[in-house]
Amino acid sequence: MSQNNCYLEDEKNTVCERLNQADNVEPFFWQKKSLEEMSETEWELLCSGCGKCCLHKINDRENKKTLFTNVACRFLDIEICTCKLYEHRHKADSGCRKINIESLKETPRWLPKTCAYQLLYEGKDLPNWHYLVSGSFETVHKAGFSIKGRTINKVITAENCHKYIIDWDDI
Ligand code: SF4
Ligand code: SF4
């Protein structure tokens, strides 16, 4: 993506540097390629950093639904919505799920409806608060689509998890 696509002064260098460091990233690649066609770098760049996939979830088998809670994984920094051990996450936490095409096909859906991967999988475009569109990593938080300020620190167990179920519009 060219520098011209980054118009927000506060973060334009950070966002542009991230994109410029990535090899073979075409401007608006997510509109030109299917998820299957994307490189690993492009796939990684899609994540908006909302943090919602890191919320503890309950598989409601009876109603065939995934119920989200407002309790985040212990490895998530809930202030900046970033995994503290991203590179080693699958080894560190066996419950940390890999997001790939196969996981997008699963039912019931376990990614939030506003997840970038979920949106593209459903044939939608990225929203204007996504950093690839806005040019700022902050817009996902400012627009209220991340977990920032919406979660609590709790130890969640099979016994108490139902107390923390949420019904956010963006989940
Ligand atoms: S829900 Fe999707 S966009 Fe949000 S942090 Fe997880 S992978 Fe990234
Ligand atoms: S270990 Fe996985 S679920 Fe936990 S914060 Fe990191 S990416 Fe999210």
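This is a predicted model: local features need pLDDT of at least 70, side-chain atom pairs count only at pLDDT 80 or more; totals for chains, interfaces and linings use all residues.
Student: Is Lys 64 buried or exposed?
Tutor: Residues are numbered from 1 along each chain as its sequence is written, and chains are lettered from A and ligands numbered from 1 in the order in which they are written. A residue is buried if 20 or more other C-beta atoms (placed from the backbone) lie within 10 Å of its own, exposed if 12 or fewer, and partly exposed in between. Lys 64 has 9 C-beta neighbours inside 10 Å, so its class is exposed.

Student: What is the phi of Lys 64?
Tutor: Lys 64 lies in the loop between β1 and β2; helices (H or I, at least four residues) and strands (E, at least two) are DSSP runs numbered from the N terminus. The two strands form a hairpin with four residues between them. Lys 64 is not a glycine, yet its phi is positive, at about 50°.

Student: In β2, which residue is the bridge partner of Leu 55?
Tutor: Strand β1 (residues 55-60) and β2 pair in the antiparallel sense over five bridges, where pairing requires that DSSP finds at least two bridges between the strands. Leu 55 is bridged to Ala 72.

Student: What separates the C-alpha atoms of Ile 152 and Val 71?
Tutor: Ile 152 is in the segment after α8 (139-142) and is exposed, with 11 other C-beta atoms within 10 Å. Not counting residues up to four places away in sequence, Ile 152 touches Asn 70 and Val 71, contact being C-beta atoms, placed from the backbone, within 7 Å. Ile 152 and Val 71 are 81 residues apart along the chain, and their C-alpha atoms are separated by 5.5 Å.

Student: Which peptide bond is cis?
Tutor: Pro 108 is in the loop between α5 (101-105) and α6. With omega near 0°, the cis bond is the one from Thr 107 to Pro 108.

Student: How many nonpolar residues are in the shell around ligand 2?
Tutor: A residue is near a molecule if its C-beta atom, placed from the backbone, lies within 6 Å of it. Those surrounding ligand 2 include Cys 54, Cys 73, Cys 83 and Cys 96, as well as Arg 89 and Asp 93. Ala, Val, Leu, Ile, Met, Phe, Trp, Tyr, Cys and Pro count as nonpolar, Asp, Glu, Lys and Arg as charged, and the others, Gly among them, as polar. The shell has no polar residues and two charged ones, and its nonpolar residues number six.

Student: In which helix is confidence lowest, and what is its mean?
Tutor: The protein averages a pLDDT of 90, and 92% of the residues score at least 70. Over residues 1-8, pLDDT stays under 50. Confidence is highest in helix α6 (residues 116-121), at 98, and lowest in helix α1 (residues 12-21), at a mean of 74.

Conventions:
pLDDT is the predictor's confidence in each residue, from 0 to 100. Two residues are in contact if their C-beta atoms, placed from the backbone, lie within 7 Å.
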